[in-house]
Amino acid sequence: MNWGRVLGVIEKYMHESRRDIFRVFDVIWWPVFQLFVWGLFSAYLQQVSPNTPNIASVLLGAIMLWSFFDRASRDVSIIVVVEMWNRNLINIFATPLKLSEYLMGIMVVAITKLMVSALFLVFLASVLYAFRIESIGWYFIPATVGLTMLGWSISLITQSCLLRFGQSVEVFIWAAATLVQPFSCVFYPVSSLPPWGKMIAMTLPSTYLFENMRGVMNGQPVDMTGLGISFGLNVLYFLLALWIFYQAFAGAKVRGALVKQS
Amino acid sequence: MEPILAVKHLTKRFGDFIAVNDISFSIKEGEIVGLLGPNGAGKSTTIFMLLDLTTPTSGDIRVLGMNYADDREKILSRINYSSTYIELSPRLTVYENLLFMTRMYGVVNAREQIEKYGKVFNIADLFGSQQYRLSAGQKTRVALAKAFLNEPTILLLDEPTASLDPDIADLVRKEILASQARGMTVLLASHNMAEVEEVCDRVLFIDHGKIVAEDTPEELAKAVRLVRVNLMMKDGQKRTVAFAKKAGFGTTVEHRSVTIEVDEHDIAYLLNALAEKQVAYSQISIDKPTLEDYFIKVSKEGRR
């Protein structure tokens, strides 16, 4: 790994993010929009169900963690698809830059954007809805790391599809996370799902993380087994996604797609 | 001496279509080699394989004695590439784009190199402009500056002067020749025949994925034996055209000007015949065959 090149990639995308007003908009707008809608909905639920303690906080916590996953699944893919739109992949990969260095660079950029977005979200939730991040406690860290990791796995698969099928499948960048959402039990417990749905849910690392979050916010200890399974699945899926991405990249070079899509 | 670039039996298939068909060539250090051919001949595919952007179906590529399977990083740090048809990041300024490229190539004296080639390609005043605001010609100059930043041992250029004003195109050709004097090796794909004749030591002519000719520009041009005899007629225009047609020479008439295409060995025969027929002309010029004539000839043969 050549860190000079990684730094170059980070610097490039930081400059681009700063210049492009729509990307700044993207970092702030969607999380705020979601927070606003779900915050109002949570407040309404709290009003109509005063006997259900903590419902607003749990929903707000869920939407915040979800936004980590949602952003992680899109941010890295967007960088790649924008390079395709700009016909710049040839310039990038005609240099000694390795694929691993490129991925490392764009993931650091994605994390930075994620942090900015998350901090803004936490601040806004505390001001608008008196949400306290302490209610999730230390569990916030493994939950966000786990969800970001799953988001990246999905992003790598999306990018593999882009390399394989071209820009016609770029809609998956925005749709991929929502396909997983119903089975991740973001806003409701696993027990709400039908049996077949539960089977799918148990294969998703996100399910354990959201289930644990609800428990923690309702005063229960962290289910370490669930957390362990979640991380095990995450590592497995990430490595698998990485392998698929490398295969797709090599395949794109064989088909000449890397230069055609540039 | 081992060639700096050696290609053996290189083939690239896309399904049933053969883009590059078993080509072999080598380039010596400090040579400028032109890669010519009609659109779709396989020039770009060859360049992309030389850059490891497209994987060959079969064949071997050796750059500086190394191959991509073992030494991709080392090879690419000593090659650079520029094409009129490739974009740099539109949102970055020219300077940021060039700086990014120096980071990718590990250029130690990045700022000095950017300043140097900013001056050479007359883009220093554009450093603060975002790439998307540049004209096509300005973008081409930035792409060329990018290609020289790491002082590559091998430079691959695809249509480097397309969309440039003549004075800037001339400047670019001078820089290519100057880089050769510094020991750089250049593979130049171009449709500009005059440019290829001016700067290239040798030409590879590629058509339908195959190398159909390989020689100096002068020798390739000689392969076209037809010369054009241009006459500005004073008297006997009809007799001249009738004779040329009867003799089987290609003839073009425009007002008082008659152009006759003859084999170079038949020039004397033509002029003697016209003298016998008491044809009078005020001006005569003879155009020797050029590389462009060769290009047209081979392209026509390829289409048949």
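**View 1. Met104(B), a buried residue in a predicted model.** As for secondary structure, Met104(B) belongs to helix H3 of chain B, which covers residues 94-105.

**View 2. Met104(B) and its contacts in chain A.** Leaving out residues up to four places away in sequence, Met104(B) touches Arg5(A), Gly8(A), Thr95(A), Pro96(A) and Leu97(A). Ile176(B) is another story: 72 residues along the chain from Met104(B), with 23 Å between the two C-alpha atoms.

**View 3. An open, antiparallel sheet in chain B.** Three strands line up in the order E2-E1-E4. The edges go to E2 (17-27) and E4 (58-63) of chain B; each has a single partner strand, so one side of each is left without a neighbour in the sheet. Going from one strand to the next, the twist averages 20°. In general, strands of a sheet pair through backbone hydrogen bonds, either parallel or antiparallel.

**View 4. Zooming in on the pairing of E1 and E4 in chain B.** Strand E1 of chain B takes in residues 5-14 and pairs with E4(B) in the antiparallel sense, over 5 bridges. For a landmark, pick Thr11(B): its bridge partner in E4(B) is Ser58(B).

**View 5. The two assigned domains of chain B.** Domain 1 spans 5-216, and domain 2 spans 225-288. Taken over C-alpha atoms, the centres of these two domains of chain B are 43 Å apart.

Notes. Residues are numbered from 1 along each chain as its sequence is written. Chains are lettered from A and ligands numbered from 1 in the order in which they are written. This is a predicted model: local features need pLDDT of at least 70, side-chain atom pairs count only at pLDDT 80 or more; totals for chains, interfaces and linings use all residues. Domain bounds come from an automatic or database domain assignment. Two strands pair if DSSP finds at least two bridges between them. Helices (H or I, at least four residues) and strands (E, at least two) are DSSP runs, numbered from the N terminus. Axes are lines fitted to C-alpha atoms, for helices over the stretch in contact, and angles run from 0 to 180 degrees between N-to-C directions. A residue is buried if 20 or more other C-beta atoms lie within 10 Å of its own, exposed if 12 or fewer, and partly exposed in between; C-beta atoms are placed from the backbone. Two residues are in contact if their C-beta atoms, placed from the backbone, lie within 7 Å.
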